[in-house]
Amino acid sequence: MHIMSIEHITKSYGDKILFEDVTFGVEEGDKIGIIGVNGTGKSTLLKAVAGLEPPDAGSVSIGSRAVVRMLAQDPAFAPGETALEHVLGGDSPQLRAVRGYAAALEALALRPEDDALQAKLIAANQRMDELDAWTLESEAKTALSKLGIHDYDARVETFSGGQRKRVAMAAALLQPSDVLILDEPTNHIDNESVAWLESMLQKRRGALLMITHDRYFLDRVSNRVLELDRGRAYFYEANYSRFLELKLEREEREAASEAKRKNLLRNELAWIRRGAQARSTKQKARIDRYEALKAQAPKTAAGKLDVSVASSRLGRKIVELDDVSKGYGDRTLIRDFSYIAVPEDRVGIVGRNGTGKSTLLKLIAGRLAPDSGSVTLGETVRLGWFSQEHEEMDENLRVIEYIREGAEQIRTAEGESISAGQMLERFLFPPAAQWTPISRLSGGEKRRLQLLRVLVDAPNVLLLDEPTNDLDIATLSVLEDYLDDFPGVVFVVSHDRYFLDRTVDRIFAFEGEGVVLQHTGNYSEYQEHADRRRALEAAAEAPKAAKTAAPAASAADAKDRPTKMSYKDQKDFEQIDGWIAETEGALARVAEDMEAASSDSARLQELMAEQQRLETKLDQLLERWTELNELAEEIASRKKG
């Protein structure tokens with residue numbers, strides 16, 4: 001079903017054209033990922049589609065009954081509103097019914113003998129039945145919980161900016177819409193929340209338009225990609241993996257076409273230089289052809305970020321944490337944590353929001369003191385701190401003034417010395433933009449500038465706190481390449497699974513109550529290990545819980561317990577390990593098939609269903625394995641007795 005049409009829209013700011021002549025349609029089930037370098041107008045395009053900002057030219061047409069909902073970067077909340085009230089505050093009939101029922105129930109509690117209020121509650125109850133709205137409050141609490149908001153009755157005005165964004169996202173997901181528009185939905189949420197959001201959006205029936213830098217998220221959720229590049233929009237009927245292939249093919253075609261145009265232009269130019277007189281119609285036609293070929297020149301190619309910045313020499317002693325503990329009030333974030341960094345360490349720090357990830361970075365940086373234990377840095381260590389926020393940026397400064405505060409001359413990785421202005425050009429800030437006040441930059445441009453300021457100090461230990469927030473995919477790719485060759489040590493807090501897989505080889509996992517587990521490998525390997533460990537723990541706990549709940553067995557019952565396994569139990573006991581290995585192997589093959597079929601949405605759905613079936617089967621086998629082993633142990637102990 002066709003929902004909306006975007007026809008020939010154009011938008012510019014001053015002399016800068018963000019995008020022009022953009023045309024596309026949105027159908028039910030479309031999941032469109034919008035990508036492009038920071039400053040190309042991605043957020044502005046979404047605002048134009050949502051009707052929040054008018055285009056300079058063109059039009060946006062929406063079906064008469066279609067509902068378009070956009071999750072704003074800075075959502076508005078009513079004074080005194082709680083998290084749950086905001087999520088349930090939509091204007092759909094179901095949400096109005098929930099609020100009406102809650103109000104009737106509250107009023108009747110104050111005056112239980114009032115017949116009019118009793119009748120009002122009965123009517124509200126019937127309305128809830130009619131609209132099947134009984135599960136909405138539960139769904140709202142689930143969404144808030146999955147997004148890391150557990151105090152449903154807390155006033156939103158007391159929340160941090162990231163928490164407010166998550167409350168607004170829960171509301172956007174719960175409140176019905178035909179087109180949901182999300183601008184960087186994975187910012188400020190942890191890995192578990194990203195995985196949950198991913199699954200929610202995969203199942204969503206309505207259309208989706210989103211900007212995101214999370215490449216795994218984009219790959220698994222989107223079925224169309226819109227790329228903004230030098231003012232033009234390019235469309236691909238593909239997810240992110242297939243988009244990369246199709247973009248390469250497009251650029252190769254454009255390069256071949258440009259080479260052919262230049263060759264023809266050279267020939268025509270040579271003819272003109274020979275002094276041919278434009279007297280005949282044929283000669284005039286050749287001159288016109290030459291001018292037409294000149295006019296066909298493509299727009300200047302977008303610059304490529306060049307992160308070529310020197311680092312300082314690093315000695316043997318780098319960072320040593322010895323039995324470090326840190327807490328706030330009665331809550332312990334880190335307990336007895338020890339680690340000794342070695343050259344070229346690449347450490348990813350993961351865990352739920354609020355568990356202490358940024359606190360660990362601040363302890364390493366010396367911005368916080370541990371409650372106990374010690375943090376020691378080597379004498380040659382030069383820290384580079386890339387924080388989540390822009391609190392260290394004076395936004396009244398101009399771009400070049402901010403960099404010159406760090407250094408007038410900057411040494412590159414190749415050993416040459418260049419000016420601050422030249423380095424800014426390498427970071428995609430042309431001379432005209434270098435005198436722009438920082439306050440006028442986009443969020444992504446501020447992050448790119450902040451990254452440059454960190455690197456010009458030639459650090460040899462990098463502390464990166466959510467570096468992927470607001471950076472575009474092209475910049476992230478260049479940063480990943482830079483970290484490949486960075487000779488120092490990197491500690492990175494991130495929820496971006498792709499970035500972690502690409503850059504780290506060790507994981508510090510915050511798993512609650514001050515526990516920080518260490519795992520050798522990238523994030524996906526850690527997650528696979530953690531999932532298997534939790535499944536085994538759950539399988540081991542299930543029989544124990546059943547034993548606790550059951551009444552104590554009598555002596556007569558003990559006599560009736562088996563002294564040997566049944567035929568079926570014995571056969572299962574002999575084969576259960578093989579069945580588990582076989583199922584794990586099948587799951588691994590399905591994962592490989594899913595990666596290969598990433599551009600085939602129908603096949604991908606089949607494989608996801610098969611993956612779910614195999615995971616359920618594996619859980620059942622692990623539970624059966626635990627049951628049989630406990631039975632074997634009991635029989636062995638009875639024989640000894």
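A residue is called buried when its relative accessible area is under 20%, exposed when that area is over 50%, and partly exposed in between, using a 1.4 Å probe and protein chains only. By this rule helix α11 (residues 357-365) is mostly covered, with 7 of its 9 residues buried. They are Lys-357, Ser-358, Thr-359, Leu-360, Leu-361, Leu-363 and Ile-364. Just after α11, Gly-366 takes a positive phi of about 80°. Helices (H or I, at least four residues) and strands (E, at least two) are DSSP runs, numbered from the N terminus.

The model is predicted: local features need pLDDT of at least 70, side-chain atom pairs count only at pLDDT 80 or more, and totals for chains, interfaces and linings use all residues. Residues are numbered from 1 along each chain as its sequence is written, and side-chain values use heavy atoms, with hydrogens and water left out.

The whole protein has 20 helices and 20 strands. Of its 641 residues, 44% count as buried. A contact means heavy atoms within 4.5 Å. Among contacts between residues at least 6 apart in sequence, 67% join residues at least 24 apart.

Next come the nonpolar cores. A nonpolar core is a set of buried Ala, Val, Leu, Ile, Met, Phe, Trp, Tyr and Cys residues joined through side-chain atoms within 4.5 Å. The largest one has 53 residues, and those with the most contacts inside it are Val-87, Leu-144, Val-167, Leu-197 and Leu-201. Helix α6 (residues 161-174) gives the largest share of this core, 8 residues. What does Val-167 touch, leaving aside its neighbours within four places in sequence? Val-167 is in contact with Phe-77, Ala-83, His-86, Val-87, Leu-144, Ile-149, Val-156 and Phe-159. A second, separate core of 45 residues includes Leu-441, Val-454, Phe-486 and Phe-499.

Two packed helices are described by the angle between their axes and the distance between the axes. Axes are lines fitted to C-alpha atoms, for helices over the stretch in contact, and angles run from 0 to 180 degrees between N-to-C directions. Angles under 35 degrees count as roughly parallel, over 145 as roughly antiparallel, 65 to 115 as roughly perpendicular and the rest as oblique. A crossing is left-handed if the near helix is turned anticlockwise from the far one by less than a right angle, and right-handed if clockwise.

The axes of helix α5 (residues 136-146) and α6 come within 9 Å and cross at roughly 140°. The two helices are therefore oblique to each other, and their crossing is right-handed. Leu-136, Glu-139, Ala-140, Ala-143 and Leu-144 of α5 make the contact with Val-167, Ala-170 and Leu-174 of α6. By class, this contact has 7 nonpolar, no polar and 1 charged residues; Ala, Val, Leu, Ile, Met, Phe, Trp, Tyr, Cys and Pro count as nonpolar, Asp, Glu, Lys and Arg as charged, and the others, Gly among them, as polar.

Helix α3 (residues 93-110) and helix α4 (residues 115-131) have axes that come within 9 Å and cross at roughly 155°. That makes α3 roughly antiparallel to α4. Here α3 passes α4 in a left-handed crossing. The residues of this contact divide into 13 nonpolar, 4 polar and 2 charged.

For helix α12 (residues 399-406) and helix α14 (residues 443-456), the axes come within 9 Å and cross at roughly 20°. These two are therefore roughly parallel to each other. The contact is made by Val-399, Tyr-402, Ile-403, Glu-405 and Gly-406 of α12 and Leu-449, Gln-450, Leu-452 and Arg-453 of α14. It divides into 5 nonpolar, 2 polar and 2 charged residues.

A few single residues remain. Leu-226 lies in strand β8 (residues 224-229) and is buried, with a relative accessible area of 0%. Leu-226 and Gly-36 are 190 residues apart in sequence and 8.6 Å apart in space, C-alpha to C-alpha.

Asp-323, in strand β10 (residues 319-328), has a phi near 50°, a positive value in a residue other than glycine. Is Asp-323 buried or partly exposed? At 40% relative accessibility, Asp-323 counts as partly exposed. Glu-466 also has a positive phi, near 50°, and is found in the loop between β17 (461-465) and α15 (473-485). At 7% relative accessibility, Glu-466 counts as buried.
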